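Open the model in your viewer and keep the selection panel at hand. This tour tells you what to select next and what is there.

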Amino acid sequence: MKISFVLNDRPTTVEVEPSMLLSEVIRETLSMTGTHVGCDTSQCGACVVHVNGKSVKSCTLLAPAVEGADIRTVEGLSGDTGPLHPMQQAFRDNHGLQCGFCTPGMLMAALDLVSHNPDPAESDIREWLEGNICRCTGYQNIVKSVIAGAAAMRQAS
Amino acid sequence: MKPFAYHKPDSVSAAVALLAAHANAVPLAGGMTLVPTMKQRLAGPDHIVDLSGIAGLSGVSMDGGTLVIGASTRHADVASSELVLAKLPALARLAGRIGDQQVRHRGTIGGSIANNDPAADYPAAVLALGADIVTDRRSIRADDFFIDMFETALEPGEIVTSVRFPLPDAAAYCKFANPASRYALAGVFVAKTGDAVRVAVTGAASAVFRAGDIETALSESFEPSALERISIDASGLMADIHADSEYRAQLVMVMARRAVAMALSPG
């Protein structure tokens, strides 16, 4: 079946099997490998993308369910050559990543939080990122990064 | 995942017709249980009937003194609903602690109660509050709805359309969550309406159940101290790698006391 959606501001139409997951469509059909698949059981959050502005786990979403949706992946945060998004820059500046595998999901989840809570407290961030697992950092620097990224975004707006 | 045909009807009647017309067809709500189950091949439906395209199945409203929540209303929307926060804050709090934020953006109340996972949170609220489950063909009382593990009074092809919650005088839900899955190892919802107290326990047994001894004690005195001399029988409770049945029995009493304390001083 054919499905159409807007991906990172670009209208996109792809041929999919109904049993394909959104994560498969993004990574395999469209070759956009910024979105990661860690556990493939909706526990780890590496596959988080935005669907109609809300963070969801793309490994647990059937592709046909996103017909007509507005989807944003980590590739949509900054252009191919443009400067990093303030949240990405904050993760870089604050050592918010080590191996980087969880980072796309962390960024997308954090940006969803900041979109309706521009100045989140540490407890808000820790609660919001419950569904995102990082095995490197111990989370301290991720929390620091989100606080810094949110501050940078407030300043920019 | 096993291949299947995908249907997205735009009305309840069309969905019911599709489920009746096809063998091995299942309704898809938020998919937070069904999709992982299909990925593990624990389920292999030939037809998926996606309910998300049906207008009017989601949203929160008051009907007289009853809070009505559409079956497709997502957990995050119940958690942040000003109406739910004002009329039944215990339910908003419960919804805001299901799974994680990404799960709450997809999972629905109708899907949760129709699935009747033994450790799901919503069944405790529905049973303790004495809610009515409205389907495409009838209304089912909570006391008659939850049968056993993953089993409800729903007939094959029957779809939940809304849940109607009578408003209690005081209510609260407390759970001890598995830190990995956030499912309840034991969760207790207490609801006091007039002199009547209803208490529902989830996570501890093969399905949600009402705790009669706790209800009796709290009907006499709605205080945490009323439960100090009460215990529940561990013999019928679940045991797994996370908690044995004695530990679950202990957790139920702790969660019950905390829920009463919370109901007495919300916020």
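## Stop 1

Select Pro86(A), Met87(A), Ala90(A) and Phe91(A) in α2(A); they meet Ile142(A), Ser145(A), Val146(A), Ala148(A), Gly149(A), Ala150(A), Ala152(A) and Met153(A) in α5(A). By class, the residues of this contact of α2(A) with α5(A) are 10 nonpolar, two polar and no charged. Contact here means heavy atoms within 4.5 Å. Ala, Val, Leu, Ile, Met, Phe, Trp, Tyr, Cys and Pro count as nonpolar, Asp, Glu, Lys and Arg as charged, and the others, Gly among them, as polar.

Some ground rules before you move on. This is a predicted model, in which local features need pLDDT of at least 70 and side-chain atom pairs count only at pLDDT 80 or more, while totals for chains, interfaces and linings use all residues. Residues are numbered from 1 along each chain as its sequence is written, chains are lettered from A and ligands numbered from 1 in the order in which they are written, and side-chain values use heavy atoms, with hydrogens and water left out. Helices (H or I, at least four residues) and strands (E, at least two) are DSSP runs, numbered from the N terminus.

Now look at the geometry. Two packed helices are described by the angle between their axes and the distance between the axes. The axes of α2(A) and α5(A), residues 140–156, come within 8 Å and cross at roughly 140°. That makes α2(A) oblique to α5(A). Axes are lines fitted to C-alpha atoms, for helices over the stretch in contact, and angles run from 0 to 180 degrees between N-to-C directions. Angles under 35 degrees count as roughly parallel, over 145 as roughly antiparallel, 65 to 115 as roughly perpendicular and the rest as oblique. The crossing of α2(A) and α5(A) is right-handed. A crossing is right-handed if the near helix is turned clockwise from the far one by less than a right angle, and left-handed if anticlockwise.

Stay on α5 of chain A and pick Ser145(A). Is Ser145(A) buried or exposed? Ser145(A) is buried, at 0% relative accessibility. Buried means under 20% relative accessible area, exposed over 50%, partly exposed in between (1.4 Å probe, protein chains only). Leave out residues up to four places away in sequence, and Ser145(A) touches Met87(A), Ala90(A), Phe91(A), Asn94(A) and Gly96(A).

## Stop 2: bring in helix α3

α2(A) passes α3(A) in a right-handed crossing. Which residues meet here? From α2(A) come Met87(A), Gln88(A) and Phe91(A); from α3(A) come Thr103(A), Met106(A), Leu107(A), Ala110(A), Leu111(A) and Val114(A). The contact has seven nonpolar, two polar and no charged residues.

Next, show α3(A) with α5(A). Their axes come within 11 Å and cross at roughly 50°. That makes α3(A) oblique to α5(A). This crossing is right-handed. Met106(A), Ala110(A), Leu111(A) and Val114(A) of α3(A) make the contact with Ile142(A), Val146(A), Ala150(A) and Met153(A) of α5(A). Those residues divide into eight nonpolar, no polar and no charged.

## Stop 3

Select His95(A), in the loop between α2 and α3. His95(A) is exposed, with a relative accessible area of 57%. Not counting residues up to four places away in sequence, His95(A) touches Thr137(A) and Asn141(A). The C-alpha atoms of His95(A) and Thr137(A) are separated by 8.4 Å, although the two are 42 residues apart along the chain.

Go to Ser23(A), in helix α1, residues 22–29. Ser23(A) counts as buried, at 3% relative accessibility. Leaving aside neighbours within four places in sequence, Ser23(A) is in contact with Glu28(A), Val37(A), Ser58(A) and Cys59(A).

## Stop 4: chain B

How many aromatic pairs does a search of the whole structure find? Two, over all chains. Rings of Phe, Tyr and Trp (its six-membered ring) pair if their centres lie within 6.5 Å; planes under 30 degrees apart count as stacked, over 60 as edge-to-face and the rest as tilted. Select Phe145(B) and Phe146(B), an edge-to-face pair with 5.0 Å centre to centre and 85° between the planes. Phe145(B) is buried at 0% relative accessible area, and Phe146(B) counts as buried at 10%.

Finish at Ser139(B), in strand β7, residues 139–141. Ser139(B) is partly exposed, with a relative accessible area of 49%.
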